[in-house]
Amino acid sequence: MSTIFKTLGVLLLATALLNIANGSLFTLIGLRLAAEVTPAVVGFITSGHFVGLLAGSFTATAIIMRVGHIRAFTVFAAVASCAVLLMGLVFGAPVWFILRIVIGYCMAGLFMVLESWFNDGASNEKRGQTFGYYMVASSGAFAVGPFLVNLGDPAAYPLFAITAILFNLC
């Protein structure tokens, strides 16, 4: 077990920070939208995330192959962070829908990079155990993320800034 943490501990930390940010963002967006728009608009905006995930699952591989894992991960995290900051500055259904697509696309790319790094770093004998740790870090962090909304008002900018910081830290 200690060998896995020595070689892949930083990736587990990046996974945790990414999923804390993602869990926080899902809750933050839901609370903000519930206070401002109708349920149909909430569904429309939140569906943008999955449109971006789908698009990213088909095309992000080409970006990763062209620029490499480190650069791709950095750009995906930075773009997601910028989109979150824009969500805190601008409110409107069409804008938020587009930003959710962008964030979803970046999440697909980030997960591809992380999972391929884990796959590359794990030996055949330890691959299942390694991905088990990855899933615990991922799911546990995603469950912690929503608690960040207790730090402030979902309609205010600071929670968006904290979420963006977490995307940058990952």
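Predicted model: local features only at pLDDT ≥ 70, side-chain atom pairs only at ≥ 80, totals over all residues.
User: How many salt bridges does the structure hold, and how far apart are the closest N and O atoms of Arg32 and Glu36?

Analyst: A salt bridge is a side-chain nitrogen of Lys or Arg within 4 Å of a carboxyl oxygen of Asp or Glu, and the structure holds one. Arg32 and Glu36 both lie in helix H1, four residues apart, about one turn of the helix. Arg32 forms a salt bridge with Glu36, and their closest N and O atoms are separated by 3.5 Å.

User: Is Arg32 buried or exposed, and what is the class of Glu36?

Analyst: Buried means under 20% relative accessible area, exposed over 50%, and partly exposed in between (1.4 Å probe, protein chains only). Arg32 has a relative accessibility of 9%, so Arg32 counts as buried. Glu36 has a relative accessible area of 43% and is therefore partly exposed.

User: How are the rings of Phe131 and Tyr134 arranged?

Analyst: Rings of Phe, Tyr and Trp (its six-membered ring) pair if their centres lie within 6.5 Å; planes under 30 degrees apart count as stacked, over 60 as edge-to-face and the rest as tilted. The whole structure contains ten aromatic pairs. The ring centres of Phe131 and Tyr134 are 6.0 Å apart and the planes stand at 75°, so this pair is edge-to-face.

User: Where do Phe131 and Tyr134 lie, and which class does Tyr134 fall into?

Analyst: Both residues belong to helix H5 (residues 127-144), three residues apart, about one turn of the helix. Phe131 is partly exposed because its relative accessibility is 23%. Tyr134 has a relative accessibility of 3%, so Tyr134 counts as buried.

User: Which residue lies over the face of Phe26?

Analyst: Phe26 forms one aromatic cluster with Phe50 and Phe142. A charge sits over a ring if NZ of Lys or CZ of Arg is within 6 Å of the ring centre and within 35 degrees of the ring normal. At 5.1 Å from the ring centre, the residue over the face of Phe26 is Arg100.

User: What accessible area does the nonpolar surface patch with Val95 have?

Analyst: Patches are made of residues with over 30% relative accessible area and no salt bridge, like charges being joined within 9 Å and nonpolar side chains (Val, Leu, Ile, Met, Phe, Trp, Tyr) within 5 Å. Val95 lies in helix H4 (residues 93-121) and is partly exposed, because its relative accessible area is 35%. Accessible areas come from the Shrake-Rupley method with a 1.4 Å probe, and for residues only the protein chains shown count as cover. Together, Leu86, Leu89, Val90, Val95 and Tyr157 form this patch, with an accessible area of about 410 Å².

User: How far apart in space are Ala164 and Ser81?

Analyst: Ala164 lies in helix H6 (residues 157-169). With a relative accessibility of 2%, Ala164 counts as buried. Ala164 and Ser81 are 83 residues apart in sequence, and their C-alpha to C-alpha separation is 4.4 Å.

How values were computed. Residues numbered from 1 in each chain as written. Heavy atoms only, no water. Helix = DSSP H or I, 4+ residues; strand = E, 2+ residues; numbered from the N terminus.
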